[in-house]
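Hello,

Here is the structure I said I would hand over. My notes on it follow below.

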Amino acid sequence: MDYFSRFANKSVLITGGLGFIGSNLAHRLVELKARVTLLDSMVPDHGGNLHNLDGIQDAVTVNFSDVRDPHALRYLIPNFDFLFNMAGQVSHRDSMEKPLIDLEINVASQLSLLESCRRLNPEIRIVFASTRQFYGRVKHLPVSEEHPISPTDVNGVNKMAAEWYHLIYHNVYGLRTTALRLSNIYGPRQLLRHSRQGFISGFIRLALQGRSIQIYGDGNQLRDLTHVDDVVDAFLRAASAGAVGKVYNVGANQAYRLSEIADTVNEVAGNKSPVEFVPFPEEYKKIDIGDFATDFSKICRELSWFPKMELRPGLGQTINFYRKNLEHYLGPEQ
Ligand SMILES: NC(=O)c1ccc[n+]([C@@H]2O[C@H](COP(=O)([O-])OP(=O)(O)OC[C@H]3O[C@@H](n4cnc5c(N)ncnc54)[C@H](O)[C@@H]3O)[C@@H](O)[C@H]2O)c1
């Protein structure tokens, strides 16, 4: 499917647009000649970063508002053809420590966003950034969309609710929504300064600093890491297809053990410090999902999407980016 011309001159809103995935999507949409607006409230400790717009600052409009503010949304929503809904609280650990904030951002604001779309712009095309997290500790690998859902943490429950709201607003009101359940994503423009949004940014930070990567447990857990360019491609395919009211898994060709991923990050970054295995902190072990590998055959079949970037070259490209831009992605560790 060729979507390259579909976004030219179209008005596109990306919530969470200054964050990792949203800003990579913005760069691609600018190339595709879309008129791009980024809504972001730059929540502290989330991935919003002005440097993520380096090279496209003059080509996009930035709106510093919050998806929790229905009044701001009322003025924004009527103006767009596409909505890529990325604004979210991403950290599983934070969702356990501050569950009500996760509820506000990942659930209440999503409902209010959908309400604004239903009332003010029912034709808008919406793609929601959902997650594979709420499959929980899975019964078999790889995991397809048919696998039962069993979240292990507050974030999983809230993202699941948000995904269902998107589907219900399609089923009941005809809103044109699609949800993509993402695996672990990596690539340029990701928050590096702490590891609470996922292990890969911590691995990359430590390797670039020449420090030991620490792995909780024995390092045998399987994860499939999807490069952000492939994720952007999935969002654009979903938005330009007629796949409304559907959910799709988005993942990588191969799952690797965490110890293999750490070794590869160290090799690519030239880090000689050995990987350390440390006991799993009890509070994180309780919410860990164990092994995961994605069955993404549905999106291959229906939207002709498949992941193109393999792990080693993807890490090479990512680490090159951070070598050049590291000062913008490191801050006080938390
Ligand atoms: N990164 C991953 O591995 C991954 C995996 C599965 C799902 N997702 C989902 O993808 C989406 C984007 O994730 P990301 O990795 O780009 O995270 P990110 O933290 O880099 O970006 C999220 C952006 O949303 C903004 N934001 C948060 N709350 C907001 C609010 N109330 N109003 C306005 N802006 C707000 C933040 O400031 C940030 O810039 C999230 O919804 C996340 O749940 C990400």
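How many bridges join β5 to strand β6, and do they run parallel or antiparallel? Seven bridges join the two, and the strands run parallel. Before the rest, please keep in mind that this is a predicted model.

Strand β6 and its sheet

Strand β6 covers residues 176–182. Arg 125 has Arg 176 as its bridge partner in β6, and Thr 131 is partnered by Leu 182.

Which way do the residues of β6 point? Arg 176, Thr 178, Leu 180 and Leu 182 point one way from the strand, while Thr 177, Ala 179 and Arg 181 point the other way. Both sets are buried. Since seven of the seven residues of β6 are buried, the strand is largely enclosed by the rest of the structure.

The sheet that holds β5 and β6 is open and has seven strands, in the order β3-β2-β1-β4-β5-β6-β11, with parallel pairing. Its edge strands are β3 (60–63) and β11 (246–250), each of which pairs on one side only. On average, neighbouring strands of this sheet are turned by 20° against each other, with direction ignored. As background, strands of a sheet pair through backbone hydrogen bonds, in either a parallel or an antiparallel manner.

Two helices lie across strands of this sheet. Helix α1 (residues 20–31) lies across β1 (11–15), β2 (35–39), β3, β4 and β5, and runs at about 165° to β2. Helix α7 (residues 228–240) lies across β4, β5, β6 and β11, and its angle to β6 is about 160°.

Helix α4 spans residues 99–120, which is 22 residues. From its first C-alpha to its last it reaches 30 Å, close to the 32 Å expected at 1.5 Å a residue.

Helix α11 (residues 311–329) has 19 residues, but its end C-alpha atoms are only 21 Å apart. A straight helix would reach 27 Å at 1.5 Å a residue, and α11 falls short of that. Where does α11 bend? The bend is at Arg 323 and amounts to about 60°. The buried residues of α11 are Leu 311, Gly 314, Leu 315, Thr 318, Ile 319, Tyr 322 and Tyr 329. These pack against β7 (184–186), α6 (199–208), β10 (225–227), β12 (256–257) and α8 (258–269).

Backbone details

The peptide bond from Leu 141 to Pro 142 is cis, with omega near -10°. Pro 142 lies in the loop between β5 and α5.

Two residues other than glycine are listed here for a positive phi. Lys 33, with phi near 70°, is placed in the loop between α1 and β2. Arg 189, with phi of about 75°, is placed in the loop between β7 and α6. Are these two residues buried or exposed? Lys 33 counts as partly exposed because it has 14 C-beta neighbours inside 10 Å. Arg 189 has 27 C-beta neighbours inside 10 Å and therefore counts as buried.

The protein as a whole

The protein contains 11 helices and 13 strands. For its 334 residues, a compact globule would have a radius of gyration near 20 Å, and the 19 Å of the protein agrees with that. The C-alpha trace spans about 55 × 45 × 40 Å along its principal axes. Of the 334 residues, 50% count as buried. Among contacts between residues at least 6 apart in sequence, 81% join residues at least 24 apart.

Regards

Definitions and conventions:
Residues numbered from 1 in each chain as written. Predicted model: local features only at pLDDT ≥ 70, side-chain atom pairs only at ≥ 80, totals over all residues. Helix = DSSP H or I, 4+ residues; strand = E, 2+ residues; numbered from the N terminus. Expected span 1.5 Å × (residues − 1). Rg over C-alpha atoms; globule rule 2.2 N^0.38 Å. Buried ≥ 20, exposed ≤ 12 C-beta atoms within 10 Å, placed from the backbone. Contact = placed C-beta atoms within 7 Å. Pairing = 2+ DSSP bridges. Axes fitted to C-alpha atoms, helices over the stretch in contact; angles between N-to-C directions. Bend = angle between axes of the 7 residues up to and from the residue.
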